[in-house]
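These are my notebook entries on a single chain. I set down what I looked up, beginning with the overall dimensions and ending with one residue.

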Amino acid sequence: QVQLVESGGGLVQAGGSLRLTCAASGRTFRDYVVAWFRQAPGKEREFVGRLIGSTPLTNPLTYYDTSVEGRFAISTDFTKKTVYLQMRSLKPEDTARYYCAVGNYNSENASMYKTWGQGTQVTVSS
């Protein structure tokens, strides 16, 4: 069983950058798909991006929602116990609580992910 803890959120001005961290305990991400989702007040949870844990560390397979592609990047460290979400060129519409999740399927559907962290708040001011 994997437990997840996110960190790195905060307040940033539009155009700025943040790096979120998702740390795993219990197991590595090697056997999982690790995804980032976000949820803004009054809105449904939405897919941000995912990384396939079994793919090579130096060039992991990743997927992104079109709203963040080219601005966000997911990576992992050599232990595969930490996954990062590097966010650049942030916009006010990126404001949300960001969650990492793990699952066994390569999907952007939140219902396919069985384990979730508690989330970290990202606020982008205009």
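I took the radius of gyration over C-alpha atoms, and the globule rule as 2.2 Å times the number of residues to the power 0.38. For 126 residues a compact globule would have a radius of gyration near 14 Å, and the chain agrees with 13 Å. This is a predicted model, in which local features need pLDDT of at least 70 and side-chain atom pairs count only at pLDDT 80 or more, while totals for chains, interfaces and linings use all residues. Residues are numbered from 1 along each chain as its sequence is written, and side-chain values use heavy atoms, with hydrogens and water left out.

**Entry 1: chain.** I noted spans of about 40 × 30 × 25 Å for the C-alpha trace along its principal axes. I found eleven strands and zero helices (DSSP runs numbered from the N terminus: E of at least two residues for strands, H or I of at least four for helices). Of the 126 residues, 47% are buried (under 20% relative accessible area, with exposed over 50% and partly exposed in between; 1.4 Å probe, protein chains only).

**Entry 2: strand 8.** I looked up how strand 8 is enclosed. Six of its six residues are buried, so strand 8 is largely enclosed by the rest of the structure. T82, Y84 and Q86 cover one side, and V83, L85 and M87 the other. I then checked its pairing (at least two DSSP bridges between two strands). Strand 3 pairs with strand 8 in the antiparallel sense over six bridges, and L18 has M87 as its bridge partner. Strand 7 also runs antiparallel to strand 8, joined by five bridges, with A73 opposite Q86. Strands 7 and 8 form a hairpin with five residues between them, and K80 in the turn has a positive phi of about 55 degrees.

**Entry 3: A24.** I placed A24 in strand 3, residues 18-25. A24 is buried, with a relative accessible area of 13%. Leaving aside neighbours within four places in sequence, A24 is in contact (heavy atoms within 4.5 Å) with V2, Q3, L4, F29 and K81. The C-alpha atoms of A24 and L4 are separated by 4.8 Å, although the two lie 20 residues apart along the chain.
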